[in-house]
Amino acid sequence: MLGIVAAVLFFLSFLINAAELSTNDVFSSVNVMLLGLTALALHVAGIGAGWARRG
């Protein structure tokens, strides 16, 4: 699930950068890209990878 979130954040970062949209400092393309990298790192670490059945 977090892999999909990372892909969406990377795509949004690309659109912001490619269209040269002027956004405030919070939603700059670099910050969105860093959020995507964080989500991707969590996904690779196994957090949010899916439902695990215990028992």
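This note walks through the fold of a predicted model, point by point.

1. **Overall make-up.** Start with the inventory. The protein contains 2 helices and 0 strands. It has 55 residues, and 16% of them count as buried. Its accessible surface is about 4500 Å². Carbon and sulfur atoms account for 69% of that surface.

2. **How the helices lie.** Two packed helices are described by the angle between their axes and the distance between the axes. Here helix 1 covers residues 2-18, and helix 2 covers residues 29-45. They pack at an angle of about 165°, and their axes are 8 Å apart. Helix 1 is therefore roughly antiparallel to helix 2, because angles over 145 degrees count that way. The crossing of helix 1 past helix 2 is left-handed.

3. **Who meets whom.** Now look at the contact itself. On the helix 1 side, the residues include Leu2, Val5, Leu9, Phe10 and Ile16. On the helix 2 side, they include Val32, Leu35, Leu37, Ala39 and Leu42. Gly3 and Asn17 take part from helix 1, and Gly36 and His43 from helix 2. By class, the contact has 14 nonpolar and 6 polar residues. It has no charged residues.

4. **Serine 13.** Is serine 13 buried or exposed? Serine 13 has a relative accessible area of 8%, so it counts as buried, the cut-off being under 20%. Serine 13 sits in helix 1. It touches Ser29, Val32 and Met33, leaving aside residues up to four places away in sequence.

5. **Serine 28.** Where is serine 28? Serine 28 lies in the loop between helix 1 and helix 2. Its relative accessibility is 22%, so serine 28 counts as partly exposed. Serine 28 and serine 13 are 15 residues apart in sequence. In space, their C-alpha atoms are 7.7 Å apart.

6. **Alanine 7.** Return to helix 1, where alanine 7 is placed. Alanine 7 is partly exposed, with a relative accessible area of 45%. Which distance separates alanine 7 and glycine 36 in space, C-alpha to C-alpha? The value is 7.0 Å. In sequence, alanine 7 and glycine 36 are 29 residues apart.

Methods
Residues are numbered from 1 along each chain as its sequence is written. This is a predicted model: local features need pLDDT of at least 70, side-chain atom pairs count only at pLDDT 80 or more; totals for chains, interfaces and linings use all residues. Side-chain values use heavy atoms; hydrogens and water are left out. Axes are lines fitted to C-alpha atoms, for helices over the stretch in contact, and angles run from 0 to 180 degrees between N-to-C directions. Helices (H or I, at least four residues) and strands (E, at least two) are DSSP runs, numbered from the N terminus. Angles under 35 degrees count as roughly parallel, over 145 as roughly antiparallel, 65 to 115 as roughly perpendicular and the rest as oblique. A crossing is left-handed if the near helix is turned anticlockwise from the far one by less than a right angle, and right-handed if clockwise. Contact means heavy atoms within 4.5 Å. Ala, Val, Leu, Ile, Met, Phe, Trp, Tyr, Cys and Pro count as nonpolar, Asp, Glu, Lys and Arg as charged, and the others, Gly among them, as polar. Buried means under 20% relative accessible area, exposed over 50%, partly exposed in between (1.4 Å probe, protein chains only). Accessible areas come from the Shrake-Rupley method with a 1.4 Å probe; for residues, only the protein chains shown count as cover.
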